[in-house]
Amino acid sequence: ENLVHSIQVKKKLLLSGPGGSGKTQLAAQAFALMRQQSDYHTIAMMTVTGSLTDSFAALFPDQINSRAEDPLENIWASLDTPSVLLIIDGLDSPSGEEAILKKLRTLSCHLLLTGRIASLEGFPVISVPRMDEIGAVRLLTLSGREYFSKAEQHSLLSLSNLLGGHPLALRLIGSLCQTYYMTPAEMLSHLSSHGFQGLSLNTGKEQQELYALLDTLLIRTPLQPEERMLMRLLSMLPERTWRPSELSPYTVDFEKAGFSPADILERLSTVGLLQRELTGYLLHPVIAEVFRIPALRADEFPSLWAALRKDYEEKVNPKLQERFLMTLRIVQTTAEPNRDALAVLDRLCATVMTRPRWQAQPWMLEKYRTWLNRLPHSSMDEINLIACRMLWCTVLPWRDQLDGLSEELNRYDRPDMLEAAH
C-alpha cells in the first residue's frame, strides 16, 4: 500500500534492491492492487528481456513501426497520458538504454521501474526494506514446511541473521534443510566450514555474496550432470514459469539421453533451485546468472540448435512471435557458437528485416560478426550468403558501419562477394 501511494504521488518511481530481495513480488502485488482499486485506464507490467526495445516490442507488437525514425513512436503516443501506469520489472543495467529512459521521463504516464541499480535520473528511489527478524524466521520456517522445532529457534535466528533477511536465500535454505533433513545448526556449521561470511546486502557486493552462498550450497548438495545441464538450459530462456510440455522443443538432448525433463524439474524444485508455481516451474534470475557461468556454448545442446535451425528454415512467419523472442534470448546468452547456432542467428537477422514489427538491435550485429569470425567456413558460398545478409541487415539502422563491414569482407579476398553484397 505504501508503494502504491508513492507511485500515485511521485508519478515516476524506482524500486531498488539486490537480486532476490522481493522487488518483482512487490511490483506484482502493487500491480494487482491497483488493478482493483485505482482509477488508471490502462495498467501494464513487463519484464525486461534483452533490451528495452525488445521488451516494448514484445508487450506492444502491433505498435512497432520499423519504418519510422523512432520505431517506438506509436508506443510513446499511447503512453503519454496520466491515465496509464506502466511497470517495468528487471531494469538491472541501464547502460545503452539512455535514449529510451530519457523518453520515458518526458511521458505523462505513471511509471514504476524495478532493478538492482541504486539510482536513476528522474526517478525517486524506494529501496526494498530488509525483512525484520520475525518475518525472516517465519519465511525460513515456512520454506522448511514446519520441519524446524521450537527448540531450534536460536539457530533459526542465527541462520536468518547470517542470510541478512534475504527472501530468496531464506526460501532456498529452508527448502534444502527440509529436503536433506538438516537442522538449522547443521546448516550453519556447513556454511561456516566453507568460509561463507553472510549476506550484508548493503556493501555494493550483494551479487557476489549471493553467488558465494549458492556455490557453498551446491558443494553440500551436488547436482547430477543432467540436473546441472537443465539448469543451464533454463538460464538461457526468458524468465517465466515453464510447464514440462512447453519445454519439449528445447529438451531434445535430454530425451535422447534417456532422461525425463519433468522428473528433473520436480527434483530441482524440491531442493529449492526452482520455484514450483501453479502454472509450472520458475527459475529466479539470480540463480540463472550463477548457472550461466562458465559461458554457455552451443555445443552443449546440439539437438536444440539443430531443431531451432530446422524450425526457422521451415516455419518462419510473423505468427512465431513467442518462439522468435525465445530464440533471441537463447542466442543472446550463448557465448560460443556452432554451425547451427550461426545459421539460426543468420535467420533471425533475415526475419527481423522482413517483419515490419521488429528492428534488429546492435547486439545482434555484434554477435553475428563475432560468431562469423570464430567458426571455420566450409565454403565460400556460405560466407557469401552470410556476409550479404550481414550487410543487408545493417542498411537501415547502421548505414554508417558499412565501410567497416566492407573491410571485413575484403579479408576473404573475394571482391565479387563485396560487389554482390553492395
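This is a predicted model: local features need pLDDT of at least 70, side-chain atom pairs count only at pLDDT 80 or more; totals for chains, interfaces and linings use all residues.
## A partly exposed arginine and its partner

Arginine 267 is partly exposed, with a relative accessible area of 35%. Residues are numbered from 1 along each chain as its sequence is written, and side-chain values use heavy atoms, leaving out hydrogens and water.

Which residue forms a salt bridge with arginine 267? The partner is glutamate 226, and the closest N and O atoms are 3.4 Å apart. A salt bridge is a side-chain nitrogen of Lys or Arg within 4 Å of a carboxyl oxygen of Asp or Glu. Glutamate 226 sits in helix H11 (residues 225–236) and arginine 267 in helix H14 (residues 261–270), so the pair ties together parts that are 41 residues apart in sequence. Glutamate 226 is buried, at 14% relative accessible area.

## Other salt bridges

By this rule, the count comes to 11 salt bridges. Side chains of opposite charge can pair when their charged atoms come close. Another pair is arginine 232 and glutamate 300, at 2.7 Å from N to O. Arginine 232 belongs to helix H11, while glutamate 300 lies in the loop between strand E8 (296–297) and helix H16 (302–315), so this bridge ties together parts that are 68 residues apart in sequence. Arginine 232 is buried at 7% relative accessible area. Glutamate 300 also counts as buried, at 17%.

Arginine 309 pairs with aspartate 340, with their closest N and O atoms 2.9 Å apart. This pair links distant parts of the chain: arginine 309 is in helix H16 and aspartate 340 is in helix H18 (residues 339–354), 31 residues apart. Arginine 309 is partly exposed, at 28% relative accessible area. Salt bridges that share partners also join Arg232, Arg297, Asp299 and Glu300 into one network.

## The whole chain

The protein chain has 22 helices and 9 strands. Both are DSSP runs numbered from the N terminus: helices are H or I with at least four residues, and strands are E with at least two. Of the 422 residues in the chain, 50% are buried. The chain exposes about 20,100 Å², and carbon and sulfur atoms supply 51% of that area. Accessible areas come from the Shrake-Rupley method with a 1.4 Å probe; for residues, only the protein chains shown count as cover.

Contact means heavy atoms within 4.5 Å. Among contacts with a separation of 6 or more, 73% join residues 24 or more positions apart.

## Nonpolar cores

In soluble globular proteins, nonpolar side chains tend to be buried together. A nonpolar core is a set of buried Ala, Val, Leu, Ile, Met, Phe, Trp, Tyr and Cys residues joined through side-chain atoms within 4.5 Å. The largest one here has 72 residues. Those with the most contacts inside it are Ile173, Met187, Leu213, Met231, Leu273 and Trp305. Helix H8 (residues 167–179) gives the largest share of this core, 7 residues. Apart from it lies another core of 27 residues, among them Met46, Leu91, Leu111 and Phe123.

What does tryptophan 305 touch, leaving aside its neighbours within four places in sequence? Its contacts include Met236, Ala298, Ile330, Asp340 and Trp371.

## Buried spots in loops and a helix

Valine 128 is found in the loop between strand E5 (125–127) and helix H6 (133–143). Valine 128 is buried, at 16% relative accessibility. Leaving aside neighbours within four places, valine 128 is in contact with Leu15, Ser16, Gly17, Ser21, Lys23 and Leu26.

Glycine 165 lies in the loop between helix H7 (153–162) and H8. Glycine 165 counts as buried at 6% relative accessibility. Serine 6 lies in helix H1 (residues 2–10), and is buried at 14%. Beyond neighbours within four places, serine 6 is in contact with Lys11, Leu13 and Ile126.

## Cysteines

How many disulfides does the structure hold? The count is 0. A disulfide is a pair of cysteine sulfur atoms within 2.5 Å. Cysteine 109 is buried at 0% relative accessibility. Cysteine 177 is buried, with a relative accessible area of 0%.

Conventions: Buried means under 20% relative accessible area, exposed over 50%, partly exposed in between (1.4 Å probe, protein chains only).
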